[in-house]
Amino acid sequence: MRRGSSDRVGAAHPTGLTAAARERIASGAAHGDWLTLGKSGRLSLYAPTDGGLLRWTEITVGGPEWSGPHFVAAPGLTHLAVAQGPDTYVHFLGRRERAAADGARSVDLVHAIQYQTGLAFTDWRSLGNPDKDREQGRQMGAPVGAIAPDGTVHVFVRNAQRGLSLRREGPGGKWKAWEDLHGVGIDALCAPVALATGRIEVCAAAETGVFLWRQLEPGGDFTGPRGFSLRPSPGTVSAVESGPERATFFWTDADSGGAAAWRVGRWPAALGGSPADRPYAALRTSLDGYDCVVLAYRDRDGSAVLGVGGTEDEDNGFWWYTLAESCQGAPALARDGHGRVVMALIDPDGVPKVARQENAAGLTFSQWHRL
């Protein structure tokens, strides 16, 4: 322990675990909320694979047994992001590359929804590309999703000009046109957070520091970007709602190599730990009666690292645990149907593993369970 220091890609109709599904392995970790809790109280885990994605689902509330993997076809996906809203619907956002009739490659964004735990997905729908020119469109980045409290889906991508573009739903589920939120030299992955009051804020690392976009009211336009002279390492920014109308953003500081926590109006707080090479998984939860934030990340050696500290109490330190587990991509964190913290990772062989909080006192985990 260390302190401080309707364009269909393919519909999914799972009918059980087939021999072909058993042979499939994950090709890495998805971005975002790839470990989700459904209305049934059961967890589901999603991971990209060749030609689509895989899903595992708890058989009973709290596990330990899981069904799966169930394969969901989505040819051409290069990146997969998962986002879940308060209604528990799970949204899947993919960056897709396809060969056009003339042989040239085209890139678009696709979206599908799973409404109920362990059941079918909707068909995949194309949301297009913010850049109309096909050659420029191939430079579109990976999608990142945020779901407002009213269920409105917001999709953010880095465009060919290395600014931020947004597409979101309108009333009745009809998608609005692409919006240019501007910015320059931004990182491939931004970090949006949907606040309980309905507003969304977005933070992105950039060549010149950090950009922040904010909605002034739920469903409204985004202001910004507002620039800050800070030094996050690219690819490490994440966010959590840490108080009423307040978001805390976490990243690896490019100068110190340790984790940092930042809120508007204050300097970043140093949390220690080793450098991350992916975004942090962040979960706000109660531990021993204290309001805490749990962080998990993959360090530059490929090992999974877990950290915990008081919510908006960074000055009292973070406690870090380097786990004896290697992983691909960033880990995931969620609470199960009994309120216990669960951590998931994709091991180097492409097999998911989960570990579960053993009791309400502290954050001691069970042994890892391979799915």
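**View 1. The fold and extent of the protein chain.** The protein chain holds two helices and 30 strands, where helices (H or I, at least four residues) and strands (E, at least two) are DSSP runs numbered from the N terminus. Its C-alpha atoms occupy a box of roughly 60 × 50 × 40 Å along the principal axes. Because a compact globule of 371 residues would have a radius of gyration near 21 Å, the 20 Å of the protein chain agrees with that expectation; the radius is taken over C-alpha atoms, and the globule rule is 2.2 Å times the number of residues to the power 0.38.

**View 2. R55 within its strand.** R55 belongs to strand β5, which covers residues 52–58. R55 is buried, meaning under 20% relative accessible area with a 1.4 Å probe and protein chains only, as are 56% of the 371 residues of the protein chain.

View 3. R55 has no salt bridge (a side-chain nitrogen of Lys or Arg within 4 Å of a carboxyl oxygen of Asp or Glu), and E58, the nearest side chain of opposite charge, is 12 Å away. The side chain of R55 does reach the backbone oxygen of G118 at 2.9 Å, while a polar atom of that side chain lies 2.6 Å from the backbone oxygen of L119.

**Notes.** Residues are numbered from 1 along each chain as its sequence is written, and side-chain values use heavy atoms, without hydrogens and water. In this predicted model, local features need pLDDT of at least 70 and side-chain atom pairs count only at pLDDT 80 or more, whereas totals for chains, interfaces and linings use all residues.

Technical notes. Buried < 20%, exposed > 50% of the residue type's maximum accessible area, 1.4 Å probe, protein only. Lys, Arg positive; Asp, Glu negative; His and termini not counted. Polar contact = N/O pair within 3.5 Å; in protein donor to acceptor, adjacent residues only side chain to side chain.
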